[in-house]
Amino acid sequence: MKQRNQMPHPENSVKVTHEHLQYLLDEHEEILSHIRDLNQWWTELDEHGMPKYGEMGTRMEGLRDLLAKHFNDEEQEGYFKPLMDEEPGFCIMVPDFKERHKEFLTRLDDFSVRLKQSKPPFQNWNEALQELKSLLGDLRTNEKREIDRVREAYEKSSHSQ
């Protein structure tokens, strides 16, 4: 009779590791898609000369919630924990994501609060747009860097089987 708490077979471990990495990659893609949608919406408003600060603040909160969940998944599960469990000799430089994550969430919170004020503290819509572009550009750079690290780990793990 097979015991329930028995260690999984190595091939099952590899499958779980790759599913875990794919899950994190999928989350990254969802975030990048959300950022593209925000940019598109903002651009359309800008072209029509119709600033909607409050609605943008609400949309930024949606992005913040998505990022908070994703950052928590990264920090709790870690990108490389399953891979390192599978291959203890596997080594990759993994930056400390927690501090960067905290900074992004704080910036998003601050930006959303200012957008939703009854008199937003921006000189004009373009000033708010420039801040949004800077924030989203930094987020995109961070997410792409993390995606590259995960893909690198995934490929090294796939080739070592």
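Because the model is predicted, local features were considered only at pLDDT of at least 70 and side-chain atom pairs only at pLDDT 80 or more, whereas totals for chains, interfaces and linings use all residues. Residues are numbered from 1 along each chain as its sequence is written, and side-chain values rest on heavy atoms, with hydrogens and water left out.

The protein contains five helices and zero strands, in the order α-α-α-α-α from the N terminus. Helices (H or I, at least four residues) and strands (E, at least two) are DSSP runs, numbered from the N terminus. Of the 161 residues, 37% are buried, where buried denotes under 20% relative accessible area, exposed over 50%, and partly exposed in between (1.4 Å probe, protein chains only). The accessible surface amounts to about 10,000 Å², and carbon and sulfur atoms contribute 49% of this area; areas were computed by the Shrake-Rupley method with a 1.4 Å probe, and for residues only the protein chains shown count as cover. Among contacts (heavy atoms within 4.5 Å) with a separation of 6 or more, 82% join residues 24 or more positions apart.

The largest nonpolar core comprises 26 residues, of which Trp42, Met60, Leu63, Leu115 and Leu139 touch the most other members. Helix 1 (10-48), helix 2, helix 4 (97-116) and helix 5 (125-159) each supply at least two residues of this core. Such a core is a set of buried Ala, Val, Leu, Ile, Met, Phe, Trp, Tyr and Cys residues joined through side-chain atoms within 4.5 Å. Not counting residues up to four places away in sequence, Trp42 touches Met56, Phe111, Leu115, Trp125, Ala128, Leu129 and Leu132.

Helix 4, with 20 residues, spans 29 Å from its first C-alpha to its last, close to the 28 Å expected at 1.5 Å a residue; the expected span is 1.5 Å times one less than the number of residues. Buried positions in helix 4 include Phe97, His101, Phe104, Phe111, Ser112, Arg114 and Leu115.

Leu21, in helix 1, counts as buried because its relative accessibility is 0%. The C-alpha atoms of Leu21 and Ile147 are separated by 9.8 Å, although these residues stand 126 residues apart along the chain. His70 belongs to helix 2 (residues 53-77) and, with a relative accessible area of 1%, is therefore buried. The His70 side chain makes a polar contact with the side chain of His28 at 3.4 Å. A polar contact is a pair of N or O atoms within 3.5 Å; within protein, one must be able to donate a hydrogen and the other to accept it, and residues adjacent in sequence count only if both atoms are side-chain atoms.
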